[in-house]
Amino acid sequence: MSYNILSQDLLEDNSHLYRHCRRPVLHWSFRFPNILKEIKHFDADVLCLQEVQEDHYGTEIRPSLESLGYHCEYKMRTGRKPDGCAICFKHSKFSLLSVNPVEFFRPDIPLLDRDNIGLVLLLQPKIPCATSPAICVANTHLLYNPRRGDIKLTQLAMLLAEISSVAHQKDGSFCPIVMCGDFNSVPGSPLYSFIKEGKLNYEGLAIGKVIILWLLENLG
């Protein structure tokens with residue numbers, strides 16, 4: 001299950017985006033119990049959450065999910081941002097093998113001057129009397145700006161490079177991969193097509209040499 005739960009601080013900083021909503025339903029005291037109700041209803045073995053506000057994570061979100069049998073891992077965005085991404089899994093179903101945070105910010109690269117992040121876990125299913133490969137679970141929240149697909153694609157390249165490293169097995173194969181997140185993209189967009197089809201038609205796109213080099217060097 002993947003869910004952008006909308007950081008309360010970001011909601012209030014961008015209140016103009018929610019003028020169509022009744023004010024009472026925007027309050028965290030109203031939203032969180034309903035978010036938790038949804039999570040309980042679907043009862044997923046793995047949760048990938050975006051816009052998880054740090055203070056709410058520590059005081060409400062993690063304790064509530066732990067009481068439901070989840071183990072939670074969290075990566076906060078870099079810079080002075082209030083939120084991050086979390087991956088939570090039922091500890092009755094999986095053992096944690098590794099935690100691999102990904103920071104997209106690079107001070108010396110213009111296309112990587114944003115504070116978005118990713119998180120990649122390697123989980124071992126707990127299946128009695130059976131041998132099962134590990135599972136790689138990734139979660140991210142890419143840049144929102146609809147005019148900067150080049151930055152989104154660069155961030156995605158970094159995430160995929162980390163996934164490739166984590167999911168690679170000793171025999172040269174890759175374990176099963178689940179990639180979730182808020183990619184701030186729509187069906188038919190270059191980013192969506194790249195994820196779905198594994199190729200990018202960059203003719204006419206102002207994406208520059210840097211992103212092409214990233215794709216060639218990290219994704220083969």
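Colleague: How do α2 and α3 lie relative to each other, roughly parallel or roughly perpendicular?

Modeller: They're roughly parallel, because the angle is about 25° and angles under 35 degrees count as roughly parallel, over 145 as roughly antiparallel, 65 to 115 as roughly perpendicular and the rest as oblique. Helix α2 covers residues 28–42, helix α3 covers residues 54–67, and their axes are 11 Å apart. Axes here are lines fitted to C-alpha atoms, for helices over the stretch in contact, with angles from 0 to 180 degrees between N-to-C directions. Helices (H or I, at least four residues) and strands (E, at least two) are DSSP runs, numbered from the N terminus.

Colleague: Which residues make that contact?

Modeller: On α2 it's W28, F32, L36 and I39, and on α3 it's H56, E60, I61, S64 and L65. Contact means heavy atoms within 4.5 Å. By class, that's six nonpolar, two polar and one charged; Ala, Val, Leu, Ile, Met, Phe, Trp, Tyr, Cys and Pro count as nonpolar, Asp, Glu, Lys and Arg as charged, and the others, Gly among them, as polar.

Colleague: Is this predicted or experimental, and what are the ground rules?

Modeller: It's a predicted model, where local features need pLDDT of at least 70 and side-chain atom pairs count only at pLDDT 80 or more, while totals for chains, interfaces and linings use all residues. Residues are numbered from 1 along each chain as its sequence is written, and side-chain values use heavy atoms, with hydrogens and water left out.

Colleague: What does the protein chain average in pLDDT?

Modeller: The average is 90, and 90% of the residues score at least 70. pLDDT is the predictor's confidence in each residue, from 0 to 100.

Colleague: And where does pLDDT stay under 50?

Modeller: Over residues 212–220, for which the model has 19 contacts beyond four places in sequence. Where pLDDT is low, the predicted coordinates should not be read in detail.

Colleague: Back to helices. What about α4 and α5, at what angle do they cross?

Modeller: Roughly 25°, with the axes of α4 (residues 149–167) and α5 (residues 190–197) coming within 10 Å. So α4 and α5 are roughly parallel too. K152, L153, L156 and L160 of α4 meet L191, F194 and I195 of α5, a set with six nonpolar, no polar and one charged.

Colleague: Switching to strands: what's the order in the sheet with β1?

Modeller: The order is β1-β2-β4-β3, an open sheet of four strands with mixed pairing. β1 (2–4) and β3 are at the edges with a single partner strand each, so one side of each has no neighbour in the sheet. The twist averages 15° from one strand to the next. Two strands pair if DSSP finds at least two bridges between them.

Colleague: How many bridges for β3 and β4?

Modeller: Seven, antiparallel, between β3 (residues 70–76) and β4 (residues 83–90). Y74 has A86 as its bridge partner in β4. Their hairpin has six residues between the strands, and G79 there takes a positive phi near 75°.

Colleague: And β1 with β2, parallel or antiparallel?

Modeller: Parallel, over three bridges, with β2 spanning residues 46–53. N4 is partnered by Q50 in β2.

Colleague: What's the strand order in the sheet with β5?

Modeller: β5-β6-β7-β8, an open sheet of four strands with mixed pairing. Its edge strands are β5 (94–103) and β8 (177–182). Six bridges join β6 (residues 117–125) to β7 (residues 135–141), running antiparallel, and L123 has I135 as its bridge partner in β7.
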